[in-house]
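Here is a short tour of the structure you are about to see. Keep the view open as you read, and turn to each chain as it comes up.

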Amino acid sequence: MTGCAVHSNFGGDPGTDEFFGRVVGEAASLGVEEVITIAEFAPEQATRWELSFDLTGAPRVTASRVPWADLTDDDCPLSPARLEDHIRPVTPARFLLACVRPAGTAADAPSARARQTTAFDLATRLYQGIPAYHVAVPVGDLIRAARKEFPLALWYRLAMLRACPDGTLIMTTQRLFPPGALRGDQRMFEIWVEPSEDARTAFVVLALDDDADRPDYRLVSVQSAQLPPGPHQVTATLVRPGLVRFDGLPGPLTGDPRSWAEVKAAVPGHIPASHPAHLVIAVELCGPQLQYAQRVDCAIRLIQDVADGARAPIRYSLVGYGSHVFPRMKDEPPIEELCWSDEAPMALAALSRLRNRQALTGGSAHAAKLECALHHVAGRLATGSMVDDRPVLVTIGTLPPFPCAQDAGEALPCKQGLDWRKTVGAMTDRHDGMAFGAVYDGEPVAEAWRFLGSHARALPAGFASRQFAAALGLITPAPPAMPLPLTKEPLTRDGRR
Amino acid sequence: MMVLSERPVTITAEWALWGKDANDTDYRMLRCSAGTFSPQDFVYAIDRYSPGTLDVRSLPQVTVSWLKNPRTGLPTHLGLAIHETAAADDPRTGSARSRFDAAGREIVYVRFFCVPYDVLADREVSYRQLYHGFQRRTLPADDEPIAADLLMVPEDMVPSTAERQFAVQVAAQLLTTQPVCILGASEISLDRRLRFIDLVMSGLTYGTRSQLSAATSVNSNFTMHKHRLFFASAPRDDPRATFSDALDGAVTRSRRKPDVVVEWGRVDTARARDTDAINYLSWEGLGSRWAPRVLAQDTVPVDLKDKHAIREMLRRVHLGKVDKLTVQDTLACLGEDLRTGTGAAADLSRYIDSLLSKGAEQLSSQARDQCMRLVAQYDLLTDYPRVSSMRDRFYDALLQLVLDGPLTYERYLRLLDCLKTPMQQNAALLQALDRRRAEPADPTWLLVRRGIGDTDDDLINALAQNSVPATRLATRLVDDAVRATGSAGAGDFNSGEPTLRPEHGRLIFDPAVQYMTRYSNRDRAEFIRLGYLAPALDRYFAGDQPAQVKRAKWILRNVYGNRLSKRNIKEVLGGSPYPPTDALLAAVIQLAEAHAEFAMTEYGRARSANLVPSRRKRRFRSRLQVDPAVSYAKAIVLAVGLIVIVVMVMLVYLSHLF
Amino acid sequence: MPARVARRRRWATADGGQHRRLTPAQPRSEGISMWGAPSSGKSTFGAALGVALEKHPYERWRLRGVDIRSSDALGRLQNALVHTGEFPVGTQEPADYNWELVNPDERAGMRGLLGLTRRDRTERIALHLRDGPGRFQNPDRWLDTPRARELVETMAACAGFIFLYDPVSEHTMGDSYQHTSALLARIDQRLGGEPGGYLPQHLAVCLAKLDDARVYRSALTATVVDHNYAVDDSPFVPDYLAEEFFARMCRASPNPAAQELPPKLNRYFHPDRIRFFVTSAIGFYVNPSTGRFDPGDYRNVIAEPGEKPKIRAAIRPINVMEPVLWLAEHMKGSQS
């Protein structure tokens with residue numbers, strides 16, 4: 001942009017100021033591919049400066065220095081060919097010549113001065129019409145000073161995330177500085193930082209190239225800071241093209257070695273949503289006392305972890321079942337409903353009472369009346385659910401269910417003729433999103449257990465209850481890394497745990 | 001009838017285990033020991049003497065059988081089979097046995113133990129002992145024979161008289177060579193059934209066990225079983241069976257004789273009609289306590305299927321007399337009979353006769369000690385009314401055993417230890433002791449006679465008649481008293497003899513002293529020597545001062561008359577080798593009141609004589625207390641001096657002469 | 001199918017002259033002996049016999065013990081089977097039962113026409129059942145022992161045999177042929193050359209354990225199953241299909257020698273004296289509430305690991321009575 005106000009600290013030397021102004025003006029109108037070449041003639045060497053802007057609008061400066069001694073030829077102290085080679089411009093239209101007035105008196109280094117003058121004259125003769133200046137300050141300093149005056153060529157934006165109502169996270173940007181913004185321009189805005197395992201929040205400044213067919217974001221800088229979760233007021237200051245400073249943060253911003261791709265990849269797809277659920281646990285009550293105790297312990301651990309880690313309200317139900325008793329004159333204990341749709345403390349109390357009991361004995365050792373338990377659960381779920389809870393059925397046992405009719409196996413059929421397949425199918429049809437988890441250790445694995453463990457399966461020994469609950473969607477695992485700040489607080493959060 | 005004595009023994013048996021594994025459907029030999037018998041031999045024995053399929057709830061049951069030595073073909077071994085189920089964690093085979101077979105049926109195991117007959121016969125081992133000894137033993141994991149300690153098995157209940165009588169009848173039935181089936185014992189425990197089998201067999205010689213097969217339970221429907229004496233719930237031959245050619249014709253086909261069926265506890269069902277049985281029942285030893293012991297000594301094998309062998313056995317049985325028993329066994333039987341109130345009078349008489357004849361022989365001291373113990377244990381020296389008719393012989397027999405010689409005080413004391421009631425209450429015993437003719441000089445004789453009822457005069461007369469020296473008894477009394485208090489005696493009696501007990505000394509003191517007084521002519525020296533019998537009084541009438549004084553006075557009067565002078569007093573109190581006693585002093589004072597003080601002084605002097613010697617005596621004693629070497633020197637010097645003096649006198653005399 | 005007394009007459013007429021010449025000699029006793037592999041169900045068969053007779057809707061036969069031990073045993077076996085639901089313990093030694101089948105004449109002693117007292121027409125058929133342990137037929141180990149020799153003796157003296165063929169144990173052990181051929185050879189040798197070369201006894205071949213799921217399914221596959229619709233829909237195999245099914249089951253044995261069993265039996269026994277039955281001592285489970293057979297739940301044995309098998313509900317013996325009655329009637333018929 002020509003004609004913009006420039007600041008100059010160069011002592012009011014008109015040549016320098018003019019040169020400075022020229023550089024700034026050239027830079028403002030510099031195209032994408034164009035390069036400003038400045039040939040600097042200093043007493044010691046000839047320096048060729050190239051000034052361009054990268055894709056993000058940040059200035060790039062390179063210098064190539066050659067001492068006068070290297071520009072000599074066999075017969076003459078200054079080879080025009082070599083000089084021309086050295087100072088040839090990339091873009092002829094953007095070529096400047098500058099001769100740096102040496103500091104000190106003319107008496108110092110007369111031969112160097114002589115060469116400098118000779119070379120400058122030669123250059124002006126070679127490149128007629130190219131602006132030539134006499135400057136009092138080295139060109140490098142001038143370029144550095146001018147760089148700060150360069151206005152932004154592209155939109156500078158901050159990468160952020162926006163949370164949709166359903167918890168999905170969408171990548172978005174916060175506008176920082178428009179093209180033409182100058183050094184010192186500021187922008188204030190709010191961010192929201194989500195709690196995450198990796199508490200570093202990255203501030204990714206992107207340059208947006210609107211001119212292209214598709215908007216193209218180019219990475220300007222990546223910095224990150226350890227920020228506490230919650231809202232933050234941030235002030236962004238354009239230090240210079242390519243460098244934005246963020247103030248108002250509780251912690252210092254430091255460089256982040258990650259690439260933009262890595263940061264993008266670390267962004268989770270959604271904020272884990274939390275829906276209310278109804279956790280129904282069916283526990284097998286027969287078998288050796290040790291296995292029985294192990295099962296009850298698994299149930300206790302599961303409920304404890306769910307109660308601790310769930311974001312949404314969970315209701316708990318507990319059903320205990322034994323085995324059919326076939327010999328005559330023997331009583332068969334019925335299906336026990338220890339609690340239904342209760343709070344976690346009630347369920348845990350029922351489980352601790354269960355823990356103190358003896359395992360049921362006397363029933364068949366080939367199977368357990370799991371099919372009757374499933375039938376009971378299905379019936380209760382069908383009639384009792386007023387709340388739109390998602391049922392989650394966890395079955396903890398060892399023995400397979402009794403078959404509904406006589407088969408090749410050792411187990412006699414269920415006395416009521418119940419078919420577990422039908423029951424499970426009916427439950428799946430009736431309740432959308434119903435999840436099935438199974439904790440079992442029977443060998444070989446019965447088909448029923450495969451169905452009942454569709455979403456999560458585990459062995460009672462070394463039962464990883466948190467992973468199990470997470471697989472069933474009851475709790476989220478540890479909050480994922482949220483590398484970028486959010487535009488605002490997600491809507492789906494409930495206040496209560 | 002008593003079962004064989006249950007003495008602890010250790011025997012080694014070969015063994016076999018019969019049953020099934022969890023994968024078997026059929027019974028087989030699981031494992032066995034390696035020894036005389038091969039697995040096939042065991043299989044044969046177990047199968048041959050199987051009791052049939054037993055009700056699992058009635059197990060364990062026991063069968064007893066016999067085996068032939070495979071090399072010689074002679075019946076040399078007895079077998080005991082325990083039929084049992086496996087408890088779930090039964091460690092008795094070294095590894096847990098399976099409870100069910102491949103078809104899910106409960107397995108009945110047989111643990112079979114095979115023992116040489118000679119070993120058992122030698123120690124008169126009963127079936128019950130055998131069962132209890134092996135029942136708790138774990139079968140070894142290898143094929144080594146197994147050893148077991150057959151301990152004395154305690155009796156919960158002694159067989160009643162009715163049970164014994166029934167056992168006698170059953171034993172008689174066995175002599176018919178027909179198998180004997182006992183019905184109606186389903187409520188009787190296994191242990192009692194085994195004991196009954198032992199009871200029956202103890203009525204026959206031990207040798208009948210060598211080829212006996214018996215069972216505590218048999219399945220009646222298994223009609224082909226080979227047991228000779230067995231318990232069952234129903235008879236296997238039905239007399240009402242009208243099918244002439246029925247399967248029960250297996251009786252004729254297998255040449256098995258029909259069973260003799262008796263009902264438990266009902267003797268009338270076991271009445272014998274067979275001549276041999278009746279012959280047996282006429283034996284005098286039947287029902288007696290000594291019979292089993294005598295019979296147990298006869299170990300000649302007898303086959304109960306062989307009439308000839310049975311008759312031979314009966315012949316030997318009839319020769320069985322009490323005499324065959326050892327003395328100790330006879331005493332034991334006698335004692336048991338008297339204690340329990342059983343046993344016929346004839347038996348008691350036989351015991352006594354046997355004891356009398358045996359007692360005349362030499363018995364070792366060990367045997368005699370055992371006899372003493374038995375006598376004490378059964379309190380045989382008590383006055384039993386049952387032996388009242390033969391009491392003299394009874395006691396004579398016992399005393400002959402207990403006393404290995406004439407009655408001495410020591411033996412008398414030992415006898416007292418055997419008695420639970422005081423000797424004095426048993427007149428017959430005392431009479432018997434009297435008959436043992438102790439030496440009259442021995443105080444024991446006096447005690448016995450005193451116990452019988454002799455008065456002092458009787459005793460004195462008897463002593464006189466036997467020319468017992470006058471002071472003999474008195475000296476004995478004093479010596480024993482002195483020995484008892486620890487100081488040396490003056491008599492010549494053996495210090496190994498026990499001293500007279502005070503109660504005994506008290507009894508014979510008076511006659512002894514009176515005898516001495518009468519027949520020693522009141523020899524004062526003797527009385528002095530014996531300390532006027534004051535030590536004896538002090539010991540035998542200890543604590544009874546008046547009695548001592550009275551007697552002391554009597555003695556002094558007899559020696560000195562009614563008055564005592566000072567010289568007498570001095571003699572009495574200080575003249576004897578024994579220090580005077582308080583009673584003596586009292587007697588002296590009572591007899592010489594005027595000299596009471598003198599008496600007391602003399603008493604004090606006499607009593608302290610040994611403690612504080614008198615001046616004269618002191619000087620004399622001190623003078624005598626010289627070094628022997630010095631005294632010898634002195635004597636020599638004195639002698640030399642004397643000689644010199646004599647020589648000088650002679651020289652002077654001679655000089656005067658010339 | 002229930003046995004009919006009338007059949008005896010049919011058999012008698014079917015004898016004809018042709019068979020009479022070759023009628024085998026008469027056995028000496030009247031007993032019936034059972035043989036079969038170990039755990040083939042011989043004792044259970046005997047125990048179920050009384051119950052089978054009682055359950056019969058119109059035949060009035062009853063089983064009783066002649067002597068005390070036999071009636072005790074009968075009572076015990078039946079009580080265990082019916083009341084406690086337990087199977088008999090594995091037989092270790094042969095048990096001889098003196099039983100009797102009685103068909104009481106209810107009108108005996110009543111006054112009939114002309115005032116004459118009606119004669120007692122109670123039928124009694126002696127049943128001397130010998131239940132021997134399976135092992136005695138094992139020729140490798142047992143047939144030479146004295147006990148087995150006695151068994152052969154007694155069997156040779158019997159008039160009738162019940163051969164229990166257990167397809168379930170045959171499937172695992174595969175030794176039926178071996179047992180049977182050795183035993184028959186011994187008996188034949190003992191009886192030594194009867195007219196016609198046949199053994200004089202009657203033989204009822206009973207394929208046992210129809211209630212076992214595998215046997216039942218095989219019967220279904222072979223389409224030999226009929227149902228007793230009149231009573232409780234329980235399946236059974238009719239007598240006329242029994243021989244075919246027996247042959248089929250022999251062919252299904254893992255031991256190919258078992259296929260030779262039917263022809264061997266036919267060679268030892270006269271065609272008129274051999275009859276096939278498909279039996280089940282305990283029968284199928286019938287739900288007490290419905291009273292009808294349920295093809296989805298028919299197993300009548302509860303087999304739990306580590307425990308003895310128990311009978312689930314009341315036993316409903318199938319074809320247990322029929323072979324015994326057939327034998328009893330024909331044995332008497334051939335002797336008279």
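## A sheet in chain A

Two strands count as paired if DSSP finds at least two bridges between them. Please keep in mind that this is a predicted model. With that rule in hand, look at chain A: an open sheet of 5 strands there has the order β7-β6-β9-β10-β13, with antiparallel pairing. Its edge strands are β7 (169-177) and β13 (254-255) of chain A, each of which pairs on one side only.

Further in, you can follow one of the pairings. Strand β6 (residues 155-163) of chain A runs antiparallel to strand β9 (residues 200-209) of chain A, and 4 bridges join them. In general, the strands of a sheet pair through backbone hydrogen bonds, in either a parallel or an antiparallel way.

The mean pLDDT of chain A is 83, and 91% of its residues reach 70 or more. Over residues 1-6 of chain A the pLDDT is below 50, and this stretch has 11 contacts in the model beyond near neighbours in sequence. Residues 493-497 of chain A also have pLDDT below 50, with 3 contacts in the model beyond near neighbours in sequence. Where pLDDT is low, the predicted coordinates should not be read in detail.

Chain B has 27 helices and 10 strands. Of its 658 residues, 43% count as buried. If you take the contacts in chain B between residues at least 6 apart in sequence, 73% join residues at least 24 apart.

One spot in chain B deserves a look of its own. The peptide bond from B:Leu59 to B:Pro60 is cis, with omega near 5°. You will find B:Pro60 in the loop between α1 (39-48) and β3 (61-68) of chain B.

## Two positive phi angles in chain C

Most residues other than glycine have a negative phi, and most peptide bonds are trans. In chain C, C:Lys209 has a positive phi of about 60° although it is not a glycine. This lysine sits in the loop between β6 (202-207) and α7 (213-221) of chain C.

C:Asp233 is not a glycine either, yet has a positive phi of about 65°. Its place is in the loop between β7 (226-228) and β8 (234-236) of chain C.

Is each one buried or exposed? C:Lys209 counts as buried because it has 25 C-beta neighbours inside 10 Å, where 20 or more are needed. C:Asp233 has 16 C-beta neighbours inside 10 Å, so it counts as partly exposed.

Methods: Residues numbered from 1 in each chain as written. Chains lettered and ligands numbered in written order. Predicted model: local features only at pLDDT ≥ 70, side-chain atom pairs only at ≥ 80, totals over all residues. Buried ≥ 20, exposed ≤ 12 C-beta atoms within 10 Å, placed from the backbone. Contact = placed C-beta atoms within 7 Å. pLDDT = per-residue confidence, 0-100.
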